[in-house]
Amino acid sequence: MIALAWRQHRKQVLYTILGFAVLAALMVPIGISMRHTFSDLGLPECVRQLARSDVPQATAESCEGGFRQFGNRYGNLNLVAVLLLVLPMLLGLFWGAPLIAREVEQGTHRFAWTQGISRRRWALVKFGLAVAVTATAAVCYGLGMSWWVSPLTEAAREGRFGFIVFDLQGVAPIGYTLFAVALGIFAGTLGRRMLPAMTITLAGFIGVRAAVAVLARPHYQPARTAQYPVVGDDPLPRDRGDWILANGVRNADGTMVAPDAQIRCPPGVQKPGGGACGSELGVRPGAYNWELYQPADRFWLFQGIETGIFVALAALLLYLTLRQLRRIA
Amino acid sequence: MEIALEAERLGKRYGRRWALQECSFQLPAGRIAGLVGPNGAGKSTLLHLAVGLLGPDAGTVRVFGRTPYDNPAVLPDVGFVAQDTPLYRDFTAAELVTITGRMNRRWDGALARERLAQLGIPPNLPVGRLSGGQRAQVALALALAKRPRLLLLDEPVASLDPLARREFLQSLMGSVAESGTTVLLSSHLLGDLERVCDHLVLLNASRVRLVGAVDELVAGHRQLVGPRHGGEAITGVGTVLRASHTGRQSTLLARVDGVVDPEWTVHDVTLEEVILAYLDEGETRTSHTEWEVPA
């Protein structure tokens, strides 16, 4: 059976490797030159400095300039990163969806299932091959992207929790890929033709990914809150890669007066027309800036949880596929 | 007498429609049986049930005493060539022989290679580029290399030209005669069946209408010509399958069960005539109700 699966999919394996090689040939030189520029501008040092709370004003400003320079030069590569986000889905469309749908469409399942082996064994070997190839691809992709995208994220000062960068690197792409492939395989047993299977995969993948990212991810761990007084001397602390879920200005009794806003006034400053800082918004004395956030150091924990969810979904889909296969003739 | 294939009140449903219903018959080992019926009569469904691709919704089917569905232990005993002889089209015939061999414990690769060599089939060309007849021969060679005790063929010659058809059936007969394999072969082509089959299973509108050894079936039916007939019983005649009338005389095709009333002239019938008489029967009833018009 392994011989059959390999003979049947070896071209696909070859094309996958070729595709990744071409991608690597494009991305690696860009990544290297990006990193050179990053260190030539002295930005790694800036990242270290700015991570501390007491940053001298001069350093902060010169670093800001460096980041801006880097951003001007490489900022449009963020688009490339966004485009690469679809890679797990492509693996699902071209590895997952045809795996069973093509056999049923061409009737070859009737040939394979009437030889001497059970269809369960047939399916497990095919799953094994598809999962092995795509998971390997996903590992390369996830780790490669972590390396590639880090100067961009650091220069943008966003942390790794941003909606695109989180999904692009680390171990999460492995979960997404396995899910996409399993969804494609399962869709093949529902649609039983390549095109419907691919359509189901596309819609299902986008739907589940969006739902998990928007609805579930912010709640993997209880979010923390932070408070900074409205009146104070030093500038508001810049976020250090935390994932800000919500913020705003609250009065001393906790009522939100200015959602999605932050205010900082030096002590004793009055508005031109008189009245305390922020009084036109209803800010009273004792008001504070409020922030709901997931701290940056939870990145790997969140990556692990996200990957776990998608791997579990993938396993469930493969189990359902095995059950569904019994009903195909 | 060993029974190769046995169905007992076998039924299969797709949604609310029964594709096969109350299907009961026995196929003794060693027979070469034709499975006949119009399109949609349930022929493929019956073959898929017999090879275990489908599970029954009612009744049972047994291959050498064992139920085939979800039972890989039956697979080595059954060779199956599905409709349109599906094969991995980008594999070469030689690759198919090797790889199919890896999927079967009992495997006679030499037999397959010999057959394909004899038929002049190129070993290193993708089978998708072979002609329909050659591809069917590859599929048959692969099924025979399993050395099955029961060989099921779903319309293997439907897409072949007359010459390829004859060659295919000849090579099939040649090899099963040696090995004593039981064959169940579905086809529309009554002439072909008459040439090769010694047993018949006739399906119509999802039910078995006729089953038995060909010589007995032919011997049991007669064409009768006699005086104008109004439907009354005739000595020695069982069921009348078909009747046509002119002004003074009637021609009947009937199942006979003894010496026929000498008023009637008795003629022998061919298998084809018997089959056509049974295929005619009941074919239009369902569609009349479905169209909501009187029959």
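Visitor: Within chain A, what share of the contacts with a separation of 6 or more comes from residues 24 or more positions apart?
Guide: A word first: this is a predicted model. Take the contacts in chain A whose separation is 6 or more. Residues 24 or more positions apart account for a share of 80%.

Visitor: And what is that share in chain B?
Guide: The count again takes contacts with a separation of 6 or more. In chain B, residues 24 or more positions apart make up 68%.

Visitor: How many helices and strands does chain A have?
Guide: Chain A has 329 residues, and 33% of them count as buried. Its secondary structure comes to 11 helices and 4 strands.

Visitor: Is chain A compact or spread out?
Guide: The globule rule gives 20 Å for 329 residues. The radius of gyration of chain A is 26 Å, well over that value. Along its principal axes, the C-alpha trace spans about 90 × 45 × 25 Å.

Visitor: How far apart are the centres of the two domains of chain A?
Guide: The domain assignment gives domain 1 as 2-218 + 301-325 and domain 2 as 224-296. Taken over C-alpha atoms, the centres of domain 1 and domain 2 of chain A lie apart by 39 Å.

Visitor: How many residues does each domain of chain A give to the contact between them?
Guide: Look at the domain 1 side by class: 3 nonpolar, 2 polar and 1 charged residues touch domain 2 of chain A. For the contact as a whole, domain 1 of chain A gives 6 residues and domain 2 of chain A gives 9 residues.

Visitor: Does the length of helix α7 of chain A agree or disagree with what its 38 residues should span?
Guide: Helix α7 of chain A covers residues 119-156. At 1.5 Å a residue, it should span 56 Å. Its end C-alpha atoms are 51 Å apart, so the two values agree.

Visitor: At which residue does α7(A) bend?
Guide: The bend is about 45 degrees. A proline, A:Pro151, follows within four residues of the bend. Just after the helix, A:Arg157 takes a positive phi of about 60 degrees. The bend itself is at A:Val149.

Visitor: Is A:Asp260 buried or exposed?
Guide: A:Asp260 lies in the loop between β3 (256-259) and β4 (288-294) of chain A. Its phi is near 55 degrees, a positive value in a residue other than glycine. Within 10 Å there are 9 other C-beta atoms, so A:Asp260 is exposed.

Visitor: What separates the centres of the two domains of chain B?
Guide: The domain assignment puts domain 1 of chain B at 3-213 and domain 2 at 220-286. Over C-alpha atoms, their centres are separated by 34 Å.

Visitor: Is B:Ser206 buried or exposed?
Guide: B:Ser206 sits in the loop between β8 (199-204) and β9 (207-213) of chain B. Its phi is near 70 degrees, positive in a residue other than glycine. There are 22 C-beta neighbours inside 10 Å, so B:Ser206 counts as buried.

Visitor: Which residues is B:His48 in contact with, leaving aside neighbours within four places in sequence?
Guide: B:His48 lies in helix α1 (residues 43-51) of chain B. B:His48 is buried, with 26 other C-beta atoms within 10 Å. Its contacts are A:Ala329, B:Leu53 and B:Leu54.

Visitor: Which element gives the most to the side of chain A that touches chain B?
Guide: Here 18 residues of chain A are in contact with 23 residues of chain B. Elements of chain A giving two or more residues are α1 (2-40) and α6 (108-112). With 4 residues, the element that gives the most is α1(A).

Note on methods: Residues numbered from 1 in each chain as written. Chains lettered and ligands numbered in written order. Predicted model: local features only at pLDDT ≥ 70, side-chain atom pairs only at ≥ 80, totals over all residues. Contact = placed C-beta atoms within 7 Å. Domains from an automatic or database assignment. Nonpolar A, V, L, I, M, F, W, Y, C, P; charged D, E, K, R; others polar. Rg over C-alpha atoms; globule rule 2.2 N^0.38 Å. Buried ≥ 20, exposed ≤ 12 C-beta atoms within 10 Å, placed from the backbone. Expected span 1.5 Å × (residues − 1). Bend = angle between axes of the 7 residues up to and from the residue.
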